[in-house]
Amino acid sequence: MGDRELYCEDCGAETLFETPPCQDGHGADCPELVCTGCGTALLTAGFPPLRAARGGTRTDAPARRHRAA
Ligand SMILES: [Zn+2]
Ligand SMILES: [Zn+2]
């Protein structure tokens, strides 16, 4: 994950965040980002759900018209 601009509450503005040297073995997937302005570290919890649950609720099921006769 490279640098990215995010809103920093401490800075009160959008600042450039960069991934610090990861010591937890996350590698390129490290969710940590550090504000280059004030040094506040935050976790990017807003990961897109890459592995969304499948086979759960399907919304494209055809509506059943059941006529009780
Ligand atoms: Zn990490
Ligand atoms: Zn900041």
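F17 stands opposite C35 of β3 in this predicted model.

The pairing of β2 with β3 is antiparallel and extends over two bridges. The pairing of β1 with β2 is also described by bridges: five of them join β1 to β2, which spans residues 13-18. These two strands, too, run antiparallel. C8 marks another position in this pairing, where the residue opposite in β2 is A13.

β1 and β2 make up a hairpin. Four residues lie between the two strands. G12 belongs to the turn and has a positive phi of about 70°.

The four strands form an open sheet in the order β1-β2-β3-β4. Its pairing is antiparallel. The edges are taken by β1 (4-8) and β4 (41-43). Each of these has a single partner strand, so one side of each is left without a neighbour in the sheet. Neighbouring strands are turned by 45° against each other on average, direction ignored.

From the N terminus on, the elements run β-β-β-β. The chain holds four strands and zero helices.

The loop between β2 and β3 (32-35) was examined through one residue, D29. D29 is exposed, because 10 other C-beta atoms lie within 10 Å, and a residue counts as exposed at 12 or fewer. A separation of 9.8 Å divides the C-alpha atom of D29 from that of T19. Along the chain, D29 and T19 are 10 residues apart.

Two totals describe the chain as a whole. The chain has 69 residues, and buried residues make up 4% of them. The threshold for a buried residue is 20 or more other C-beta atoms within 10 Å of its own. Contacts were also sorted by separation along the chain. Among those with a separation of 6 or more, 25% are between residues 24 or more positions apart.

Conventions. Residues numbered from 1 in each chain as written. Chains lettered and ligands numbered in written order. Predicted model: local features only at pLDDT ≥ 70, side-chain atom pairs only at ≥ 80, totals over all residues. Pairing = 2+ DSSP bridges. Axes fitted to C-alpha atoms, helices over the stretch in contact; angles between N-to-C directions. Contact = placed C-beta atoms within 7 Å.
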